[in-house]
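Biologist: I have a structure open and would like to go through it. Can you take my questions one by one?

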Amino acid sequence: MENCGRETAVGYVQEEGNPTDVQQMYKVRRATVYRWLNLEDLRPTKVKTQKPKVDLAALQQDIGQDPGAQL
């Protein structure tokens, strides 16, 4: 959901006072709506990428040695 959607959802709850309606309109969990209400900044947070579980160089080397192999 985009930032403007969060702002719209929070504004609706603050004016109308019904998180259940927002939950159904935006297809989000009610807990998400309550979390948005407690945020000072509604901008999306950037998620850091995780380290890959597989060494990509080793995987490319393995594929180069046997390109027809299946996982």
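Modeller: Start with Asp 41, which forms a salt bridge with Arg 43; their closest N and O atoms are 2.8 Å apart. A salt bridge here is a side-chain nitrogen of Lys or Arg within 4 Å of a carboxyl oxygen of Asp or Glu. This is a predicted model, where local features need pLDDT of at least 70, side-chain atom pairs count only at pLDDT 80 or more, and totals for chains, interfaces and linings use all residues. Residues are numbered from 1 along each chain as its sequence is written, and side-chain values use heavy atoms, with hydrogens and water left out.

Biologist: Why can side chains pair at all?

Modeller: Side chains of opposite charge can pair when their charged atoms come close.

Biologist: How many salt bridges does the structure hold?

Modeller: The structure holds one.

Biologist: Is Arg 43 buried or exposed? And what about Asp 41?

Modeller: Arg 43 counts as exposed, because its relative accessibility is 54%. Asp 41, at 38%, counts as partly exposed. Buried means under 20% relative accessible area, exposed over 50%, and partly exposed in between, using a 1.4 Å probe and protein chains only.

Biologist: New topic. At what angle do helix 2 and helix 3 pack?

Modeller: Helix 2 (residues 19–26) and helix 3 (residues 30–38) pack at about 115°, and their axes are 9 Å apart. Helices are DSSP runs of H or I with at least four residues, numbered from the N terminus. Axes are lines fitted to C-alpha atoms, for helices over the stretch in contact, and angles run from 0 to 180 degrees between N-to-C directions. The two helices are therefore roughly perpendicular to each other, a label for angles of 65 to 115 degrees.

Biologist: Which residues make the contact?

Modeller: Helix 2 supplies Pro 19, Thr 20, Val 22 and Gln 23, while helix 3 supplies Arg 30, Val 33 and Tyr 34. Contact means heavy atoms within 4.5 Å.

Biologist: Is Val 33 buried or exposed?

Modeller: Val 33 is buried, with a relative accessible area of 1%. Leaving aside neighbours within four places in sequence, Val 33 is in contact with Val 13, Pro 19, Val 22, Gln 23 and Val 28.

Biologist: How far apart are the C-alpha atoms of Val 33 and Val 22?

Modeller: They are separated by 7.5 Å, and the two residues are eleven apart along the chain.

Biologist: Last one. Where is Lys 27, and what is its phi?

Modeller: Lys 27 sits in the loop between helix 2 and helix 3. Its phi is near 55°, a positive value in a residue other than glycine. Lys 27 counts as exposed, because its relative accessibility is 71%.

Key:
Parallel < 35°, antiparallel > 145°, perpendicular 65-115°, else oblique.
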